[in-house]
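Here is a short tour for anyone meeting this structure for the first time. Keep the view open as you read and look up the residues along the way.

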Amino acid sequence: MMEFTFDGIVRQGFGFYNPNHAAALICAIFPFLWGWKKYAWAGWMLTFLLTVPLAMTYSRTGVLVLAFELVMYFILSKNKNWKLISAITGGILLILLVGGIFGRFSIDKAVTNRPEIWFAGLKIYAANPIGVGLSNSGLIVSNFMLENIQCRSLVNSHLTLLTEFGIIAGFFWFLFIFYALFNGVKKPRTWCAVAGLAISASSASIFDWDLLSDFQNYGDLPFLNFILSWLLLLFFLDMTLYLLWRKINLKKLGLAAAGAILCVILPLCLWSSDTPKIKNNIVYTSPNAPLVLYDEEWTIKAILPYCKKDFQIPLKAGLVQKNAKKIILFGYAAEYAEEFPASSLVFIHPPEFFSSPVNTFKVIRPEYD
């Protein structure tokens, strides 16, 4: 497993594989330490103590979310005790400064790659508004939309859900969050925690839909990470439902619906005929394009130069039963030739003892052969 480091220091995840996810949970706990009617000083002391593990995650988003939560808490609670506000802010800043987390506040690939990934994800959604399927978004943008960036998701839980599950699921997800935030302003601590998690989910995959659905392999990560990921999602859903739990306000519901509609409709303006479409886990440029089959030794990136700009490529290696006038077979996928007797076949780097069938159109062997 890859370790997350900064300047040679291992960033702590406290059971999470990704330290940013740990920071999101820590930030969601902070607001519940504030404004205690009894022993308020104890809550603020615990805030200082909890700032230490936040600093150990070295999460930039975590620091920004904590700042947002503090500001919004004092606004919503109408607390104007400036001495307290100054003392709390100063204490937190001192701990973060000593922890060295501000050294991460610089422009690097982790920052610059995100907008590229998000924009590619929005374009994929615009071309596939009914969704590309669970766990496919990162695979598609990495192979078909981005040059030198590999990502497993879109590094944004909201956008990943919208792109993978489509416009209907996206609408209800945004409606759920927006209405809770419009409806729950009188519950400042829970509101801050929910808003903080929603912001964290905008810059990291803290709700990793692929991992959360993998009850067998846990996303090839430790079981503890799987459990904590589920607890984080359930914590978010429980708090959001708590904000909703009152008589329905039609005005606020209408505003939330309008916001949700904008979130799922505006990205459709990015539709382009050049953006790959996907159906049944096959990425295609046109329904009549050549079907490309490959074995596990080939990657999609390696296949694309042979396909020009017209293809139907399954996202997983292996046999796909689909009619096509032209079939391109890579490597040991040559064994599938007999499944397509009526198609024109192109073989790319077939096995050494390969015998071409009568419907062969072209054979391209390795340069050294």
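Which residues form a nonpolar patch on the surface?

## The nonpolar patch

L64, L93, L97, F102 and F105 do, and together they have about 470 Å² of accessible area. Patches are built from residues with over 30% relative accessible area and no salt bridge; like charges are joined within 9 Å, and nonpolar side chains (Val, Leu, Ile, Met, Phe, Trp, Tyr) within 5 Å. The accessible areas come from the Shrake-Rupley method with a 1.4 Å probe, and for residues only the protein chains shown count as cover.

To find F102, go to the loop between helix 4 and helix 5. F102 counts as partly exposed, at 32% relative accessibility. The scale here is simple: buried is under 20% relative accessible area, exposed is over 50%, and partly exposed is in between (1.4 Å probe, protein chains only). Helices (H or I, at least four residues) and strands (E, at least two) are DSSP runs, numbered from the N terminus.

## Where this comes from

You're looking at a predicted model, where local features need pLDDT of at least 70 and side-chain atom pairs count only at pLDDT 80 or more, while totals for chains, interfaces and linings use all residues. Residues are numbered from 1 along each chain as its sequence is written, and side-chain values use heavy atoms, with hydrogens and water left out.

## A positive patch

There is also a patch of positive charge on the surface, where K78, K80, K186 and R246 gather. In this count Lys and Arg are positive and Asp and Glu negative, with His and the chain ends not counted. The place of a charge is taken as NZ of Lys, CZ of Arg, CG of Asp or CD of Glu.

R246 sits in the loop between helix 10 (223-244) and helix 11 (250-265). With a relative accessible area of 42%, R246 is partly exposed.

## Salt bridges

Side chains of opposite charge can pair when their charged atoms come close. Here a salt bridge means a side-chain nitrogen of Lys or Arg within 4 Å of a carboxyl oxygen of Asp or Glu, and the count comes to three. One of them joins the side chains of D108 and R60 (3.2 Å, N to O). D108 lies in the loop between helix 4 (82-99) and helix 5 (109-127) and R60 in helix 3 (residues 60-76), so this pair ties together parts 48 residues apart in sequence. D108 is partly exposed, at 27% relative accessible area, whereas R60 is buried at 11%.

Salt bridges with shared partners join R152, D208 and D210 into one network. Within it, D208 is buried at 9% relative accessibility, while R152 is partly exposed at 48%.

C192 is buried, at 0% relative accessibility. For C263, the nearest cysteine sulfur belongs to C269, 13 Å away, and C263 is partly exposed at 27%.

Conventions. Disulfide = S-S within 2.5 Å.
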